[in-house]
Amino acid sequence: MPEPTTADVDALVGSATPHFAYQLRARVRELVIDLPGEHPVRRYAEEKMELLDSLGHASSKAEEGGRVRRDRPGWEEIPSSAPAGQPPPRQ
């Protein structure tokens, strides 16, 4: 297999959703596992794996856009407006 590129990492991460964040994180990890720790693609992939980890605890990758109102029925049970950059606290 040719050496992975940032484009390969982006192809995996680009369409990530919370439901598949951990599966995609595992694929990114597998893609770069043989690269040395200081390799720029590996460092880039590690940043994206952190994003995927946060996304796994969030409900949206969106950094902008409307948020769910906290007075919406069901909010107390499932806080669902957390973006990947600010996921809800782990319980």
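The protein contains three helices and zero strands, where helices (H or I, at least four residues) and strands (E, at least two) are DSSP runs numbered from the N terminus. Along the sequence the elements follow the pattern α-α-α. The structure is a predicted model, in which local features need pLDDT of at least 70, side-chain atom pairs count only at pLDDT 80 or more, and totals for chains, interfaces and linings use all residues. Residues are numbered from 1 along each chain as its sequence is written, and side-chain values use heavy atoms, with hydrogens and water left out.

The mean pLDDT (the predictor's confidence in each residue, from 0 to 100) is 80 for the protein, and 64% of its residues reach 70 or more. Among the elements, H1 has the highest mean pLDDT (94) and H3 the lowest (92). Of the 91 residues in the protein, 25% are buried; buried means under 20% relative accessible area, exposed over 50% and partly exposed in between, with a 1.4 Å probe and protein chains only.

The axes of helix H1 (residues 6-13) and helix H3 (residues 40-56) come within 9 Å and cross at roughly 15 degrees. H1 is therefore roughly parallel to H3. Axes are lines fitted to C-alpha atoms, for helices over the stretch in contact, and angles run from 0 to 180 degrees between N-to-C directions; those under 35 degrees count as roughly parallel, over 145 as roughly antiparallel, 65 to 115 as roughly perpendicular and the rest as oblique. In this pair, Thr 6, Val 9, Asp 10 and Val 13 of H1 meet Val 41, Tyr 44, Ala 45, Lys 48, Leu 51 and Leu 52 of H3, contact being heavy atoms within 4.5 Å. By class, the H1 contact with H3 has seven nonpolar, one polar and two charged residues; Ala, Val, Leu, Ile, Met, Phe, Trp, Tyr, Cys and Pro count as nonpolar, Asp, Glu, Lys and Arg as charged, and the others, Gly among them, as polar.

H2 and H3 pack with their axes 9 Å apart, at an angle of about 165 degrees, and are therefore roughly antiparallel to each other. Their contact involves Ala 21, Tyr 22, Leu 24, Arg 25, Val 28, Arg 29 and Val 32 of H2, and Val 41, Arg 42, Ala 45, Met 49, Leu 52, Asp 53, Leu 55 and Gly 56 of H3. These residues divide into 10 nonpolar, one polar and four charged.

Ala 26 lies in helix H2 (residues 21-32) and is partly exposed, with a relative accessible area of 45%. The C-alpha atoms of Ala 26 and Leu 52 are 9.7 Å apart, with the two residues 26 apart in sequence.
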